Amino acid sequence: MEITNINDIASFVWAVKCGSYSAAAKQLGLTRSGIGKSIIRLEERLSIRLLNRTTRSLSLTDEGKLLFSRCVSLLDDLEDIENMLAQRTEVPRGRLRISLPLALGRLHVLPVIEAYLQQWPELNIDVSFSDDFVDLIENGYDIAVRVGHPREDSRLLTRNVAVQRMITCAAPAYLKRRGTPQKPKDLTDHDCIHFLSEGKPRPWSLNAETSGSPPSVLGRLQMDSAEALLSTAIAGLGVVTLPDYLVWQDIRNGKLVPVLEDFAETPTPIRVVYPSKKHLSPKIRQLIDLLVESWSPKAPWELD
């Protein structure tokens, strides 16, 4: 098989995964026309039509579906061979694509990535920040950091590296003005600032003092940025529930005061997620090891 055949196959697979020539070109570092020419060349060589093309979408023909499933396996096998050989040198190199949650990623994972890049000059890293769910396999990510319990997915492996504790807190000036809530039901008399997720306020999971659910409390302000919520709470506009990795410094320096600590929800895991492969490449394995080392024996944001 000529090397151009492999390049054409890669263009075809990524065009299908990404849903467009432009997105595939971005992933492979090529031009849109280059992706299109590769797929046409592949179709001509096989004398079949692989894709139904419109101005807005791509869809696989029956022959295209068959070839796609085989080509994905082929490229996975080639990557597995490359990772197996790379383990002989133990030197992280090449390109690493990472998906991170916004606040946790920027504040606590990015410093680890920066240290990793300084250690290994042959490595390049692409980082995407988003609180939306991202399919690692479909979007071509090598590794992700996620908060919460894992979904069932046999294609992925996961490793717990820390925990997230949600802390309900408010500014001292606000508590002086409005009083300190002693039980979850007291929040009905307070301004509560909520995080918006997919256009809806995310409910607080405080453990109620009875077997019932905590009261549903909506405040005057709702936003889809955790860091904006933090600034607003510090400004004294209300009570907020945010992750410990976001509020720990402001609690230590007295800008925020924890409340309802006896009713805090159960901590949730912070996990590293990566595709399941026979041979894990050094660039993935050593980044996971560095993250674990940097957050052990406890994460830097954990309050004493």
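Reader: What is the strand order of the open sheet of 5 strands, and how is its pairing described?

Author: This is a predicted model, in which local features need pLDDT of at least 70, side-chain atom pairs count only at pLDDT 80 or more, and totals for chains, interfaces and linings use all residues. Residues are numbered from 1 along each chain as its sequence is written, and side-chain values use heavy atoms, with hydrogens and water left out. Helices (H or I, at least four residues) and strands (E, at least two) are DSSP runs, numbered from the N terminus, and two strands pair if DSSP finds at least two bridges between them. Here the open sheet has the order β4-β3-β5-β13-β6, with mixed pairing. Its edge strands are β4 (123–129) and β6 (156–164), each of which pairs on one side only.

Reader: By how many degrees are neighbouring strands of this sheet turned against each other on average, and which helix packs on the sheet?

Author: Axes are lines fitted to C-alpha atoms, for helices over the stretch in contact, and angles run from 0 to 180 degrees between N-to-C directions; contact means heavy atoms within 4.5 Å. Neighbouring strands of this sheet are turned by 20° on average, with direction ignored. The helix that packs on the sheet is α5, which touches β3, β4, β5 and β13, and its direction makes about 175° with that of β4.

Reader: In which sense do β6 and β13 pair?

Author: β6 and strand β13 (residues 268–275) pair in the antiparallel sense over 8 bridges, and Leu-156 has Pro-275 in β13 as its bridge partner.

Reader: How many cavities of 30 Å³ or more does a search of the whole structure find, and which residues line the largest cavity?

Author: On a 1 Å grid over the protein atoms alone, a cavity is a set of points where a 1.4 Å probe fits but cannot get out, and lining residues have an atom within 4 Å of a point. Grid points are joined across faces, edges and corners, and a volume is the space filled by probe spheres set on the points. The search finds 1 cavity of that size, with a volume of about 60 Å³. The lining consists of Ile-98, Leu-100, Val-109, Ile-113, Ile-143, Ala-144, Val-145, Leu-287, Ile-288 and Leu-291. Two or more lining residues come from each of β3 (94–100), α5 (102–119), β5 (143–147) and α10 (282–294).

Reader: Is strand β11 mostly covered or uncovered, and which strands do bridges join to β11?

Author: Buried means under 20% relative accessible area, exposed over 50%, and partly exposed in between (1.4 Å probe, protein chains only). Strand β11 (residues 239–243) is mostly covered, with 5 of its 5 residues buried. Strand β7 (residues 166–170) is joined to β11 by 4 bridges and runs antiparallel, with Thr-168 opposite Thr-241. Strand β8 (residues 192–197) is joined to β11 by 2 bridges and runs parallel, with Cys-192 opposite Val-239.

Reader: Why does Asp-244 count as buried?

Author: Asp-244 counts as buried because its relative accessible area is 3%. Asp-244 lies in helix α9 (residues 244–252), and its contacts, leaving aside neighbours within four places in sequence, are Val-163, Gln-164, Arg-165, Ile-167 and Trp-301. Asp-244 and Met-166 are 78 residues apart in sequence and 5.9 Å apart in space, C-alpha to C-alpha.

Key. 1 Å grid on protein atoms, 1.4 Å probe; cavity = no way out; pocket = protein on both sides within 12 Å on 5 of 7 lines; lining within 4 Å.
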